[in-house]
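Please open the model in your viewer and keep the selection tool at hand. The stops below are meant to be taken in order.

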Amino acid sequence: MIELLKDTRKNMMTGVSYMIPFVVAGGILLALSVLLSGNASVPDKGWLADIANIGITGLGMMVPILSGYIAFSMVDRPGLAPGIIGGLIASNIGAGFLGGILSGIVAGVVVFYLKKIKLPSSLRSLGPIFIIPLFGTLIVGVLMYGVMGSRLPH
């Protein structure tokens with residue numbers, strides 16, 4: 001566990017590096033729609049509104065991708081679903097960027113311990129693609145909603 005958290009800086013930088021293309025694409029599309037509309041506000045109708053919505057969607061992926069790739073850096077592919085879903089929950093409950101970082105670390109730690117469980121040989125191949133992501137997502141989701149979600153002002 002100590003070794004897992006020892007590389008926290010590297011894990012967070014991995015999350016940031018995967019997040020940047022979403023921020024760039026989303027931000028540029030949103031800015032382009034505002035620029036082409038000729039107004040100082042986001043267009044609310046027509047094809048420019050569609051471009052703005054694409055940009056907003058891309059920017060909305062920032063926290064889930066950050067969280068997912070922090071977990072990925074910690075525990076490889078089984079951490080992606082718990083991390084990304086935990087990051088989306090962080091966004092939905094208003095925990096923001098810091099909540100995304102926390103959910104990524106929590107997902108990494110949860111999956112780290114789930115990977116230590118010895119599965120029967122008949123289920124071993126399902127572990128990293130089904131069992132670990134399923135239970136990891138459930139545990140991270142319960143922690144995000146139950147602990148962090150209940151602590152945030154509404």
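The tour of this predicted model goes from the nonpolar core to an aromatic cluster, then to a loop residue and a pocket.

**The nonpolar core**

Begin by selecting Ile 70, Met 74, Ile 93 and Met 144, which, of the 25 residues in the largest nonpolar core, touch the most other members. Helices H4, H5, H6 and H7 each supply at least two residues of this core, and H4 gives the most to it, with 8 residues. Now keep Met 144 selected and display its surroundings: leaving aside residues up to four places away in sequence, Met 144 touches Gly 86, Ile 89, Ala 90, Ile 93, Gly 99, Ser 103 and Gly 149.

**The aromatic cluster**

Next, select Tyr 18, Tyr 69 and Phe 72, which form one aromatic cluster. The model holds 4 aromatic pairs, and one of them joins Tyr 18 and Phe 72 in an edge-to-face arrangement, with 6.5 Å centre to centre and 75° between the planes. This pair links distant parts of the chain, since Tyr 18 lies in helix H2 (residues 8–37) and Phe 72 in helix H4, 54 residues apart. Tyr 69 and Phe 72 also form an edge-to-face pair, at 5.5 Å centre to centre and with 65° between the planes; these two residues are 3 residues apart in helix H4 and therefore separated by about one helical turn.

Tyr 69, by contrast, has a relative accessible area of 19% and counts as buried, because the cut-off for buried is under 20%.

**A loop residue with positive phi**

Move on to Asp 76, in the loop between helix H4 (62–75) and helix H5 (80–92). Most residues other than glycine have a negative phi, whereas Asp 76, which is not a glycine, has a positive phi of about 75°. Asp 76 counts as partly exposed, at 41% relative accessibility.

**The largest pocket**

Helix H6 (96–115) and helix H7 (127–151) each supply at least two residues of the lining, with H7 giving the most, 3 residues. Coloured by residue class, the lining divides into 6 nonpolar, 1 polar and 3 charged residues.

Note on methods
Residues numbered from 1 in each chain as written. Predicted model: local features only at pLDDT ≥ 70, side-chain atom pairs only at ≥ 80, totals over all residues. Heavy atoms only, no water. Helix = DSSP H or I, 4+ residues; strand = E, 2+ residues; numbered from the N terminus. Nonpolar A, V, L, I, M, F, W, Y, C, P; charged D, E, K, R; others polar. Buried < 20%, exposed > 50% of the residue type's maximum accessible area, 1.4 Å probe, protein only. Core = buried A, V, L, I, M, F, W, Y, C linked by side-chain atoms within 4.5 Å. Contact = heavy atoms within 4.5 Å. Phe/Tyr/Trp six-rings, centres within 6.5 Å; stacked < 30°, edge-to-face > 60°.
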